[in-house]
Amino acid sequence: MTTYADLLFAGGPVHLGNTARSRATAVAVRGERIVGVGHDELRELVGPATEVVELGGRMLVPGFQDAHVHPVGAGVELGQCDLTETVDVEEYRSRIASYAAANPGRPWITGGGWSMESFPGGAPDRAFLDAIVPDRPVYLANRDHHGGLANSRALELAGIDPRTPDPVDGRIERDADGVPTGLLQEGAMHLVAAVVPETTREEKLAGLLRAQGMLHSLGITAWQDALIGINPVISDTSTAYADALDADLLTARVVGALWWSRDRGAEQIEDLLAAREAMTRGGFRATSVKIMQDGIAENHTAAMISPYGSGCGCRDAGDHRGLSFVDPEALKEHVTALDAHGFQVHFHALGDRAVREALDAIEVARDKNGFTDGRHHLAHLQIVHPEDVARFRRLGVTANIQALWAAHEPQMDELTIPFLGPERSAWQYPFGSLLRSGAVLAAGSDWPVSSADPIRGIHVAVNRVEPDTDHPVFYAEERIDLGSALAAYTSGTAYVNHLDDTGTITVGNLADLAVLDRDPFDGPASDIWDTCVEQTFVGGERVFAR
């Protein structure tokens, strides 16, 4: 007796995502699993209740996964003063004024998404906000969330004045007279964030659901939330997942990266173990630990082996080499202990010194613990010293890339390249070198820092230029092919997330799938970005249809 499929995709093409990069034209699903991969013979599994999705030239791919994203914060910000998707200062002014007028009862104006490239030297000051909203405190994080801008009222409420010292993990920008300008970098953001009214539990859940819907619309079926717990950047998001699970509203598969507090030491491991035990249930697993080892290059907080230059014109960099937020020797001990306890370590490592410090720590863990199945990964990797590229493969460390950043755009050309110099600039985002060395590539967006759209990320990984622009190619030798880029956003991230029965279209795997409106292999690489997602399935259930 034939057991019919619940769902059949037919008429191909189907990109299986396996190591051979082979193709099929039909896929059968029963329950939440794939039960057949082949061609027209699978039509025999069509029964009275089978739903048939005729692809008709549209391509079926494994569901995309995001290896580094902040969906709760992004979703909350979408409901606040949203400055994303523009770099126009007048548009910022208009949006802030409109939001303030529409929300007269809000004690604080919060949100964010402004770009450093919009302001001279990447550094706006409080006067910009004071002129728009003089009577209420305003605090807006920038696009990368490594800096925030406060107006005078917010600085006053936070008690920030010329006598306030810089925190050890951040910087209060000041004018020539030592007066705070309102721009707060890295850990200094917490000085104002600490007095901003707490985002409510209901707002966090609404933000998660808003974000989940958007991520599903981009073909994303699973992700790693890169910041869970009390931290100086965004409010703790763990309650949003708990509430979504309680209400059976979490449709994605999620790994949570628990925040490593850089003002504590090894004593916090017991708390992390307790959090892993308490939070892991249903579709959410708190099995990773996020260690933020440095900042970003644009504000000189990325940890560099050699000093920054002063080419940006913002200030004299002198011998400044950025910040290592965790002492490198202590980092070795902490990573070894986390690895021994079965945690995955998810590093923010952007500068070449931070990358080396993270790799050094993992090497010590390997020496002491042997090779475990932690699947540790380094995210961002803006500057990687060539001597460290091969270490990823040797140490079994995954390169977690944010591909959209590997292109010429104003922030890169005006605030980064001038003070990195030509040699180090050529070490940026070495995707091709890492791939050729044998490293595993996973991919994430860091949304809301940049677009969550995997298709746009894949386009830049392949072309090293932003979609629909005439900018020059950004270090062409570091381009990767379309198949490898797709793998980074599917099987590579599935590997990082320990979701071994996802990421490829294989009999027995979970039916986490996305239907694209075309086969991107059929056209020129310059047109990849024009592809869009039409349907998304998680465990055989449709969670999005355009």
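Visitor: Judged by relative accessibility, does F9 count as buried or exposed?

Guide: This is a predicted model, in which local features need pLDDT of at least 70, side-chain atom pairs count only at pLDDT 80 or more, and totals for chains, interfaces and linings use all residues. Residues are numbered from 1 along each chain as its sequence is written, and side-chain values use heavy atoms, with hydrogens and water left out. Buried means under 20% relative accessible area, exposed means over 50%, and partly exposed lies in between, for a 1.4 Å probe and protein chains only. Because the relative accessibility of F9 is 0%, F9 counts as buried.

Visitor: How many residues apart in sequence are the parts tied together by the pair of F9 and F537?

Guide: Rings of Phe, Tyr and Trp (its six-membered ring) pair if their centres lie within 6.5 Å, and planes under 30 degrees apart count as stacked, over 60 as edge-to-face and the rest as tilted. Helices (H or I, at least four residues) and strands (E, at least two) are DSSP runs numbered from the N terminus. Since F9 lies in strand β1 (residues 7-10) and F537 in strand β23 (residues 533-538), the separation in sequence of the parts they tie together is 528 residues.

Visitor: What class of pair do the rings of F474 and Y475 form?

Guide: For F474 and Y475, the ring centres are 4.8 Å apart. Their planes stand at 70°, so the pair is edge-to-face.

Visitor: How are helices α9 and α10 oriented to each other?

Guide: Axes are lines fitted to C-alpha atoms, for helices over the stretch in contact, and angles run from 0 to 180 degrees between N-to-C directions. The axes of α9 (residues 328-340) and α10 (residues 352-369) come within 8 Å and cross at roughly 50°. Angles under 35 degrees count as roughly parallel, over 145 as roughly antiparallel, 65 to 115 as roughly perpendicular and the rest as oblique. The relation of α9 to α10 is therefore oblique.

Visitor: Over the face of which residue does R366 lie?

Guide: A charge sits over a ring if NZ of Lys or CZ of Arg is within 6 Å of the ring centre and within 35 degrees of the ring normal. R366 lies 4.6 Å from the centre of the ring concerned, and that ring belongs to F371.
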